[in-house]
Amino acid sequence: MYHFSVDSGLSKPEHYRELAAAAQALVAGEPDSVANMANLAALIWQFVPDLNWAGFYRVVDGGLVLGPFQGKAACIRIPFGQGVCGAAAASAQTQLVADVHAFPGHIACDADSRSELVVPVIHHGSVVAVIDLDSPLPARFDADDAAGIEALAQMIGPAIAS
Ligand code: SME
């Protein structure tokens, strides 16, 4: 059994450092990428408040394919360059979207989503997956959230690349 407690008295950067430490402990020594993505999605869901979706899209044959996640059932395949996830994968850049309805080509997998943060996971110089967080609150994510999830993404490449 794993027990990770979330201390609500921490600042946001401290909170993300706790998340990264928990993530490192969770994937240590485990080579199975699906198991690691599943646990990481659950950990993000537990640590990051006000989400309606959190999980992974993996790069498979030049497109994105749904990976382990928490939230409602979602779109399975997203071409590079399409939607927020496809933009993150194609550009290898974080996408921080305050209002998904204002993002050209946003793919509405869950009608509740209002804002979104997508961070690419880069391993051996290539994007291998993206971490996608959706919130029902407008402008839910800020630079601290982006930096926190980017730090996580930097750490987990070897654990989730198949
Ligand atoms: N909204 C995303 C699609 C994935 S779902 O949010 C889970 C996008 O535009 O890429």
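Start by selecting His123, which sits in strand β5 (residues 115-123). Strands here are DSSP runs of type E with at least two residues, helices are runs of H or I with at least four, and both are numbered from the N terminus. This is a predicted model, where local features need pLDDT of at least 70 and side-chain atom pairs count only at pLDDT 80 or more, while totals for chains, interfaces and linings use all residues. Residues are numbered from 1 along each chain as its sequence is written, and side-chain values use heavy atoms, with hydrogens and water left out.

Now show the side chain of His124 too: a polar contact of 3.5 Å joins it to the side chain of His123. (A polar contact is a pair of N or O atoms within 3.5 Å; within protein, one must be able to donate a hydrogen and the other to accept it, and residues adjacent in sequence count only if both atoms are side-chain atoms.) Setting aside residues up to four places away in sequence, His123 also touches Val128, Gly157, Pro158 and Ala161, where contact means heavy atoms within 4.5 Å.

**Next stop: the cysteines**

Select Cys75 and Cys109, which form a disulfide with their sulfur atoms 2.0 Å apart; the rule asks for a pair of cysteine sulfur atoms within 2.5 Å. The torsion about their S-S bond is about -125°, so this disulfide is left-handed. Cys75 lies in the loop between β2 (63-71) and β3 (77-79), and Cys109 in the loop between β4 (95-97) and β5, so the pair ties together parts that are 34 residues apart in sequence. Both are partly exposed, Cys75 at 23% relative accessible area and Cys109 at 30%. (Buried means under 20% relative accessible area, exposed over 50%, and partly exposed in between, using a 1.4 Å probe and protein chains only.)

What about Cys85: buried or exposed? Cys85 is buried, with a relative accessible area of 4%. Cys85 is in no disulfide, and the nearest cysteine sulfur, that of Cys109, is 7.5 Å away.

Zoom in on Ile160 and, beyond four places in sequence, you'll find it touching Ser33, Asn36, Met37, Leu40, Phe56, Val121 and Ala129.

**Along helix α4**

At its start, a side-chain oxygen of Asp142 reaches to within 3.0 Å of the backbone nitrogen of Asp144. Further along, look for a kink of about 35° at Gln154, shortly before the proline Pro158. (The bend at a residue is the angle between axes fitted to the seven residues ending there and the seven starting there.) The buried residues of α4 include Ile149, Leu152 and Ile156, and what covers the buried ones includes α1, α2, β1, β4, β5 and β6.

**Last stop: Gly55**

Finish with Gly55 in strand β1, which counts as buried at 1% relative accessibility. Leaving aside neighbours within four places in sequence, Gly55 is in contact with Ala41, Pro68, Phe69, Val130, Ile131 and Asp132. Draw a line between the C-alpha atoms of Gly55 and Ile160: they are separated by 12 Å, though 105 residues apart along the chain.
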